[in-house]
Amino acid sequence: MAEPSLLTQPPARAAAPDAPRARRHRNPRRVGAGRWALRLAALGYVGVLVALPVGLVLWRTVDQGGRAFLDAISGPEAIAAFRLTAIVAGSAVLVNTVFGVGTALLLARYRFRGRALLDLAVDLPISVSPIIVGLALVLAFGWTTGWFGPALQNAGLQVIFATPGMVLATAFVSLPLVVREVLPVLTETGLEQDQAARSLGANARQRFVRITLPTIRWALAYGVVLSIARTLGEFGAVRVVSGNVGGQTQTVTLLVDERAEQFEPGAYQLSVVLIAVAALCIVVISLLRPHGKD
Amino acid sequence: MGIEARAITKRFGAFVALDEVNLAVASGQLTALLGPSGGGKSTLLRIIGGLEEADSGTVLIDGVEVSGIPPQRRNVGFVFQHYAAFKHLSVYRNVAFGLEIRKRGKAEIRRRVTELLELVHLEQFADRMPSQLSGGQRQRMALARALAVEPKVLLLDEPFGALDTKVRKELRDWLRRLHDEVHVTTVFVTHDQEEALEVSDSLVVINAGRIEQVGSPNELYDHPANEFVMGFLGPVTRLGGHLVRPHDIEVLTADSTGAVPATVRRLVRVGFQVRAELHLAEPAAAGTAAATGTGAGEPDPTDTAVQLTRGQADALDLQVGNRVWLRPSQHASVLAAR
């Protein structure tokens with residue numbers, strides 16, 4: 001089969017310069033109804049699903065004025081919530097960065113029993129509902145009934161209804177983000193640079209710092225920013241494991257929920273802050289993306 | 001002795017890549033490991049370099065056993081087929097890498113790297129990134145990088161395999177000249193017999209996990225130990241019950257001692273040479289061939305090919321259908337056919 005296709009290649013190549021011209025001829029006709037319909041459908045879809053609801057939140061915030069905005073984000077409950085969110089999200093991202101890079105290295109460079117299983121397990125957290133994650137963590141770490149809970153409690157570490165549990169829950173739901181960004185880059189790069197560095201005398205740490213880390217830096221940065229965006233917004237799993245005590249185990253998302261439920265003021269204002277951070281993350285991601293390609 | 005491999009065996013699952021291989025490479029020599037792909041030559045090189053571990057057997061470099069010592073402490077230079085350039089580092093930093101790892105002084109590194117970049121003719125590319133270099137330039141950079149740490153041995157795994165024919169030829173000549181200058185014990189893997197014959201001091205033919213023959217390029221070409229080595233190093237044709245190289249056959253227009261009659265069937269001119277396909281008129285062989293009707297896959301034992309220069313062909317005035325007499329030329333390497 002290879003030979004006939006080789007024989008037909010020259011005519012095909014000769015015809016190639018004509019192809020764009022033919023497409024250009026067809027273009028004016030297609031810009032008509034079909035294209036406009038497609039554009040409208042896409043814009044309408046994104047508009048109704050995303051722009052409209054988010055716009056309404058923004059509108060509410062602007063409508064209630066600057067005074068209300070400052071009050072909403074500067075009260076002691078809000079300050080505590082921001083601090084806790086920063087701690088939880090920061091720790092979760094740190095944990096996922098370290099273990100994410102480690103897991104990606106393991107999956108990219110080693111063949112071992114259970115590798116395929118680990119590869120699948122990495123994706124599990126993103127497909128399982130956060131509420132189930134929360135319940136599972138309570139089962140494992142709950143301080144009266146959990147598997148490890150009582151032992152940890154005796155050792156003086158409370159997991160559930162405390163910060164460690166919230167960090168675990170948040171890390172769980174954002175686990176694949178770093179791995180999935182870093183793994184393809186490692187797979188594509190292969191082992192040769194690492195082996196070259198080895199033959200030049202570099203030990204494992206030197207190879208990681210001087211070769212591996214620079215190779216994956218953009219993918220890693222992209223994964224970290226994605227993780228930040230995801231962890232800041234985490235609600236379901238955290239809600240189950242936190243206990244949701246105002247000023248103590250209440251993150252920003254939990255506070256938004258409480259204020260909205262109780263018809264207290266300040267839910268929209270806090271939402272706007274979260275939206276702003278998310279938007280910033282998206283901007284950073286879009287700036288990182290072209291670099292990540294080369 | 002530069003490198004010694006003793007009874008090296010390596011398996012990948014059920015596949016035996018190397019089967020009790022023994023190899024000795026003299027110091028300062030340029031040795032080629034030649035063989036078909038999957039024959040085990042790259043595996044042997046990687047075991048010498050420590051990038052792969054043998055299932056059994058030992059490797060000695062400069063008389064010191066290195067089995068079990070990780071590659072970073074073996075002091076070998078390794079060059080890969082696909083360059084393995086550090087993509088995020090400039091050409092200068094690539095070459096400096098091994099010296100930086102060894103914590104050499106800034107001034108010493110600068111002096112040494114400049115020297116090496118001159119040696120590989122890349123001095124004006126020091127600040128470029130590897131992606132801005134051509135394949136040949138990248139491979140020269142990789143060579144300079146490997147030489148920077150003054151390795152005891154230099155190992156090259158299909159170093160020119162990813163380059164186009166013209167650059168390959170240039171780099172091949174250049175490697176030969178470079179080796180005459182630096183004299184580091186060098187082993188390179190190739191599946192290209194022309195490359196191996198042209199560049200190496202000593203040639204090791206490896207096939208199916210075993211060493212078929214070791215010797216100088218001329219020795220192996222003229223006195224191949226078996227049919228495989230003969231066939232791998234150059235073209236082979238049959239003349240009666242023997243294997244001969246097609247350019248080692250003399251074509252005569254009259255009968256002579258030791259010559260066999262044949263008929264010219266086809267003449268093909270390829271550039272400076274003429275290839276003649278002939279049919280031997282051996283009564284016995286021809287008879288059986290005609291009776292059985294030779295199958296399509298089986299080479300007809302009464303068919304043979306001769307390679308001539310254009311001048312020779314013109315002088316003989318060869319035409320299709322001519323009757324000629326063939327015999328191996330005086331210095332021909334002849335092997336009995338199985």
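How many of the eight residues of H10(A) are buried? Six of the eight are, so H10(A) is mostly covered, where buried means under 20% relative accessible area, exposed over 50% and partly exposed in between, with a 1.4 Å probe and protein chains only. The model is predicted: local features need pLDDT of at least 70 and side-chain atom pairs pLDDT 80 or more, while totals for chains, interfaces and linings use all residues. Residues are numbered from 1 along each chain as its sequence is written, chains are lettered from A and ligands numbered from 1 in the order written, and side-chain values use heavy atoms, without hydrogens and water.

**Helix H10 and what follows**
- Helices are DSSP runs of H or I with at least four residues, numbered from the N terminus.
- The buried residues of H10(A) are A:Gln193, A:Asp194, A:Gln195, A:Ala196, A:Ala197 and A:Ser199.

**Cavities**
- Four cavities of 30 Å³ or more are found in a search of the whole structure.
- A cavity is a set of points on a 1 Å grid over the protein atoms alone where a 1.4 Å probe fits but cannot get out, and lining residues have an atom within 4 Å of a point.
- Grid points are joined across faces, edges and corners, and a volume is the space filled by probe spheres set on the points.

**Largest cavity**
- The volume of the largest cavity is about 70 Å³.
- Its lining includes A:Thr85, A:Val88, A:Glu234 and A:Thr253.
- Helices H4 (76–109), H11 (204–232) and H13 (252–261) of chain A each supply at least two lining residues, and H4(A) has the largest share, with three.
- The lining has five nonpolar, five polar and one charged residues, with Ala, Val, Leu, Ile, Met, Phe, Trp, Tyr, Cys and Pro counted as nonpolar, Asp, Glu, Lys and Arg as charged, and the others, Gly among them, as polar.

**Second largest cavity**
- About 40 Å³ of space lies in the second largest cavity, and among its lining residues are A:Arg109, A:Gln193, A:Asp194 and A:Thr215.
- Helix H9 (175–189), helix H10 (192–199) and H11 of chain A each give two or more residues to this lining.
- H11(A) gives the most, three residues.
- By class, the lining of the second largest cavity divides into two nonpolar, five polar and two charged residues.

**Position of A:Val46**
- A:Val46 lies in helix H3 (residues 33–74) of chain A.
- A:Val46 counts as partly exposed because its relative accessibility is 45%.

Key
1 Å grid on protein atoms, 1.4 Å probe; cavity = no way out; pocket = protein on both sides within 12 Å on 5 of 7 lines; lining within 4 Å.
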